[in-house]
Amino acid sequence: MTLEDIEVLCRDDVRRAIEDNLGRDAAAVALDKHIPCPSLVATQVKYLQRARKKLPSYYDARCIMVPLSFEQSSGEDCAHHKAAGTGGGEAALDLTCGLGVDAWAFSKHFGRVVAVERNDVVAAAARENFRRLGAGNIEVVCDSAESYVNTTGEHFDWCCADPDRRSHDGRRLFLPQDCSPDIFSLGIINSDRFLINIDVAKNTGASENRDTTEKHSASEHHSANIKVDKVVIKNSPMYDVDEAFRAFGRFGSCSVEAVSSGGECKEVLVWFDGREPHLTATALGMGSFSLPADERMADTAHSDFTPQEYRYAVIPDVSIVKTRLAREHTGGSCYVTSGNGCGFAVDAPKGVLGRVFGIEWLERYEPRRLRKRLSGMRATVLLRDATLTLPQIMRATGIREGGERLLLFTSVGRDIWTAELKEVKENAVAAANL
């Protein structure tokens, strides 16, 4: 996409064509010779259709979708969660604007937002989108993050960043130091105001030696010319929470939060906000669970697994699994197989971030016996901490994938157990901040 394309997409006839064809298949639109600029219109139709769920306000405003930025952009629910978490203020900085979803969400909590975008085409699209969204308090600056933080002397209450996680050859990147900008080198988190006397890596049990980030010690980086009070950094949903504490914790006191939406982990946030380190699991629309980072339990073997007593199973939300907080979250009401495993309970747990099921039967995994009972049956299979793969289980038991019956396979110590489950819908609700 070029600057000329942005101008074309602002033409009345092209905007009408996009509107008239939103219900059509994008491939068919691209071949329709009766449409002005069919290729451009088809691209907008394709991404607006996808934006309807992820970015409903952008869809309603018929914003310009830049494919380069769409995939990594925050969903609106995640963006609003980040912005609300700041508590608001006078001025905020978005160092990696992209489509501008985070900047737009921040604009509802701050008097002024500066959004920095290095790509001139993406910057032009963001300006137009903010106009269509009615966000008049956002200034788009076309510059690199590295240049901006070292040339501006402005003061911001909050800074957010979502470094580009695609390499020049299109590979996906997961570690912050491999992304652009390299957040460790910018200087915005190299400040004494973030330092407190807490050994974050030690408290979270993170590994002591990762060569990929050892080159980034807090003492090696200059302080940026910019003045920023607090920072939130969005990382890949694949990023490990212990590694986040280890890598970012060397620059000061930070908290880590895994955020999920619709049962999928969307982002791992690192907060430099002056608090002592906390680890938080947030399931948007359900609630959050948080505790000091050094209070997470170690995964240790249990000896009190009593399958004959259990009537309920708990499948934690992916945010709980990501943070490995299953044991702490259930508060002792469940036997939890591991920090990222499932739970078993005598009584129906209340207020958990996850799904609660009734147990029809629960037994040790014995393929021959299960084959006699299940062979040819269609079922949905849940694997939690199991050492077997789905194809291995299906071959051994004769189960066919898909169906209303729900089977759980999970490890308890060295054994694998299986259960048939039935969802208890009235308990599949989460309570915030238990």
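Residues are numbered from 1 along each chain as its sequence is written, and side-chain values use heavy atoms, with hydrogens and water left out. Because the model is predicted, local features need pLDDT of at least 70 and side-chain atom pairs count only at pLDDT 80 or more, while totals for chains, interfaces and linings use all residues.

Nine strands form an open sheet of mixed pairing, in the order β3-β2-β1-β4-β5-β7-β6-β8-β9. Helices (H or I, at least four residues) and strands (E, at least two) are DSSP runs, numbered from the N terminus, and two strands pair if DSSP finds at least two bridges between them. The edges are β3 (138-142) and β9, each of which pairs on one side only. On average, neighbouring strands of this sheet are turned by 20° against each other, direction ignored. Axes here are lines fitted to C-alpha atoms, for helices over the stretch in contact, and angles run from 0 to 180 degrees between N-to-C directions.

Within the sheet, strand β4 (residues 155-161) and strand β5 (residues 227-235) run parallel and are joined by six bridges. Ala-161 stands opposite Ile-233 in β5.

Buried means under 20% relative accessible area, exposed over 50%, and partly exposed in between (1.4 Å probe, protein chains only). Seven of the seven residues of β6 are buried, so this strand is largely enclosed by the rest of the structure.

Helix α13 lies across β5, β6, β7 and β8, at about 145° to β6. Nine of the nine residues of α13 are buried, so this helix is also largely enclosed by the rest of the structure. Among them are the charged residues Asp-242, Glu-243 and Arg-246. At the start of α13, a side-chain oxygen of Asp-240 reaches to within 3.0 Å of the backbone nitrogen of Asp-242.

Asp-242 also takes part in a salt bridge (a side-chain nitrogen of Lys or Arg within 4 Å of a carboxyl oxygen of Asp or Glu). Its partner is Arg-296, at 2.7 Å, N to O. The pair links distant parts of the chain, with Asp-242 in α13 (residues 241-249) and Arg-296 in the loop between β9 (287-292) and β10 (312-316), 54 residues apart. Asp-242 is buried at 11% relative accessibility, and Arg-296 is buried at 18%.

The whole structure holds 26 salt bridges. Another joins Glu-71 and Arg-50 (3.0 Å, N to O). Glu-71 lies in the loop between α6 (67-70) and α7 (76-86), and Arg-50 in helix α4 (residues 38-54), 21 residues apart. Here Glu-71 is partly exposed, at 45% relative accessible area, as is Arg-50 at 36%. In the salt bridge of Glu-363 and Arg-369 (3.6 Å, N to O), Glu-363 is buried at 12%, whereas Arg-369 is partly exposed at 42%. Salt bridges that share partners join Lys-82, Asp-102, Asp-162, Arg-165, Lys-234 and Glu-267 into one network.

Which buried residue has no salt bridge? Glu-117, in strand β2 (residues 110-117), is buried without one, and the nearest side chain of opposite charge, Arg-118, is 5.1 Å away. A polar atom of the Glu-117 side chain does lie 2.8 Å from the backbone nitrogen of Gly-98. Leaving aside neighbours within four places in sequence, Glu-117 is in contact (heavy atoms within 4.5 Å) with residues including Cys-97, Val-122, Val-141 and Asp-143.

Notes: A polar contact is a pair of N or O atoms within 3.5 Å; within protein, one must be able to donate a hydrogen and the other to accept it, and residues adjacent in sequence count only if both atoms are side-chain atoms.
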